[in-house]
Structures are given as structure tokens and as C-alpha cells.
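Here's a quick briefing to read with the model open beside you.

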Amino acid sequence: MTLLSPSLARIEAPLVETLQLMDDLGCESVHIDACHNLTLPNFFELEEVRTAQIGNYRAAATVHIFQPISNTPPILDFLRPIDLAVLHVFGRTAVSAIDSFLETNRVVGCRLGLAVDVKANTESIAPFLAELDTVFIMAIQVGGYGLEPDTHLLKRVEQTRTLLTNHNPRCRIGIDGGVNGRTFSGMVRLADELVIGSLLLHADDLVAQWMSLHEIAKGGKEK
């Protein structure tokens with residue numbers, strides 16, 4: 001079964017309210033885009049996430065960090081072992097910045113991951129795969145709400161799967177972005193985890209939509 005991870009956005013509702021709503025739906029995971037020393041539309045400031053006390057909720061939280069290319073990484077010491085700390089890897093993100101993020105948060109005890117930007121080379125993360133829990137392949141550019149998935153998404157997923165086979169077969173593949181009513185059925189079969197946003201949160205009947213999407217996701221990913 002492919003894990004569905006609703007992407008929470010500042011414009012939807014206060015974070016604590018949305019976290020509770022996702023818990024009530026029975027979501028196993030939520031995806032939170034957070035900025036560190038950076039401002040992006042609709043993304044949470046890291047301190048907002050820190051003060052939301054995610055430990056009060058059953059769903060595992062993926063905190064997806066966006067920061068300047070070579071900035072000192074935040075210490076995500078509020079995360080639990082079930083939670084996932086993810087650094088967004090842009091095309092110009094230095095190897096030293098990735099290494100620093102992983103080293104800083106390794107001691108926290110949470111799971112670790114990287115998200116590969118549309119304009120980044122998937123092979124750039126190969127040196128770090130051995131210690132990662134999840135690699136997210138970005139299907140759209142940052143802030144590109146409503147865009148269709150990148151035309152090279154399938155190729156990038158296949159490249160990543162090959163890398164994982166060689167370096168860390170236990171690492172999971174996630175896809176983030178580009179999910180809508182037309183693309184969901186195809187994209188949900190490509191990965192272990194699929195990040196969904198407006199497809200769920202803007203539905204007229206949230207519960208019915210979640211049950212429908214969850215049923216489709218039971219089919220799991222393609223081998």
C-alpha cells in the first residue's frame with residue numbers, strides 16, 4: 001500500500017487545527033513545508049512548527065525544510081523517532097550543506113530524508129543514501145501550485161530506484177507535488193509515499209475523499 005501524506009499549508013487553517021483534523025481522519029503521516037531563514041508563500045515558519053507540539057498527535061510528521069543554499073541547518077529537536085526530517089536539495093545545494101543537515105539532526109533520533117528538486121540531479125544525493133529513510137522526488141518546482149508533474153518524473157523515479165537498489169534498498173521513495181484528480185491514480189503507483197494537498201483539503205466532503213483516495217492507494221506501488 002502507498003502511504004498518503006497530506007501536505008498542510010498555512011492558508012488552510014492554523015497548524016494545530018489541521019493536525020487535529022488529520023488525526024481525526026486517521027492519517028498515518030502529514031507533510032509540513034517549513035522555512036528556515038527563508039520566506040516562501042504559504043509555507044510555515046519553522047518556529048510555527050516547533051510550537052505546534054506535534055507530539056500531541058498520532059500522525060508521523062515529515063518536516064520538509066527549505067533554507068538558503070549554504071545556510072546553517074536548524075536543529076529539529078522537537079521531532080520524535082517516528083517523525084521525518086527532510087532537507088530540500090536544490091540544484092546548487094552544496095554537498096557540505098547536506099552533510100551538515102544530516103549530521104546536525106542525526107543526534108535528534110528522528111528519521112532522515114532528502115527531497116530532490118526538479119532542477120537537481122538525482123545522483124547528487126548518492127553519497128548520503130545509506131543513512132536515509134526516505135527520498136522525495138519533487139514533481140513540480142517549489143511554489144508551483146496547480147502545475148502538472150514534470151515530464152521527466154517517471155525517469156527520475158526510475159533513476160532513484162536504481163540508486164536505492166545499489167546503496168540502500170530499505171530507503172523509501174516519495175513523490176511530492178503535481179497530484180490532482182487526473183494524475184493521482186498514476187502517481188500513487190510510482191512510490192512508497194505520495195504527498196497530497198488540495199486534492200484532499202479542498203474536497204467538498206473531506207471524509208469521503210480521504211476514504212476514496214485511501215482505497216485507491218491500497219493498490220500499492222508498481223514493482
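What follows is a short tour of some charged pairs and then of a helix.

Keep in mind that this is a predicted model. Searching the whole structure turns up 11 salt bridges, and a few of them are picked out below.

**Salt bridges across the sequence**

- Glu131 and Arg106 pair up through their side chains, with 3.0 Å from N to O. Glu131 sits in the loop between strands E6 and E7 while Arg106 belongs to helix H3, so this bridge ties together parts that are 25 residues apart in sequence.
- Neither end of that pair is buried: Glu131 is partly exposed at 33% relative accessible area, and Arg106 is partly exposed at 41%.
- Asp133 and Arg111 make another salt bridge, at 2.8 Å from N to O. Asp133 is in the loop between E6 and E7 and Arg111 is in strand E6, so the parts being tied are 22 residues apart in sequence.
- Asp133 comes out as partly exposed at 22% relative accessibility, and Arg111 is partly exposed at 23%.
- Glu148 and Arg182 meet at 2.4 Å, N to O. Glu148 lies in the loop between E7 and helix H4, and Arg182 in the loop between E8 and H5, so the bridge links parts 34 residues apart in sequence.
- Here the two ends fall into separate classes: Glu148 is partly exposed at 40%, whereas Arg182 is exposed at 66%.

**The network around Arg172**

- Shared partners join Arg111, Asp133, Arg172 and Glu193 into one salt-bridge network.
- Arg172 is part of strand E8, which runs over residues 172-176.
- The side chain of Arg172 also makes a polar contact of 2.6 Å with the side chain of Thr134.
- Leaving aside residues up to four places away in sequence, Arg172 touches several others, including Leu3, Val135, Leu164 and Asp192.

**Helix H7**

- At the start of H7, a side-chain oxygen of Asp205 comes within 3.3 Å of the backbone nitrogen of Val207.

How values were computed: Residues are numbered from 1 along each chain as its sequence is written. This is a predicted model: local features need pLDDT of at least 70, side-chain atom pairs count only at pLDDT 80 or more; totals for chains, interfaces and linings use all residues. Side-chain values use heavy atoms; hydrogens and water are left out. Helices (H or I, at least four residues) and strands (E, at least two) are DSSP runs, numbered from the N terminus. A polar contact is a pair of N or O atoms within 3.5 Å; within protein, one must be able to donate a hydrogen and the other to accept it, and residues adjacent in sequence count only if both atoms are side-chain atoms. Contact means heavy atoms within 4.5 Å. A salt bridge is a side-chain nitrogen of Lys or Arg within 4 Å of a carboxyl oxygen of Asp or Glu. Buried means under 20% relative accessible area, exposed over 50%, partly exposed in between (1.4 Å probe, protein chains only).
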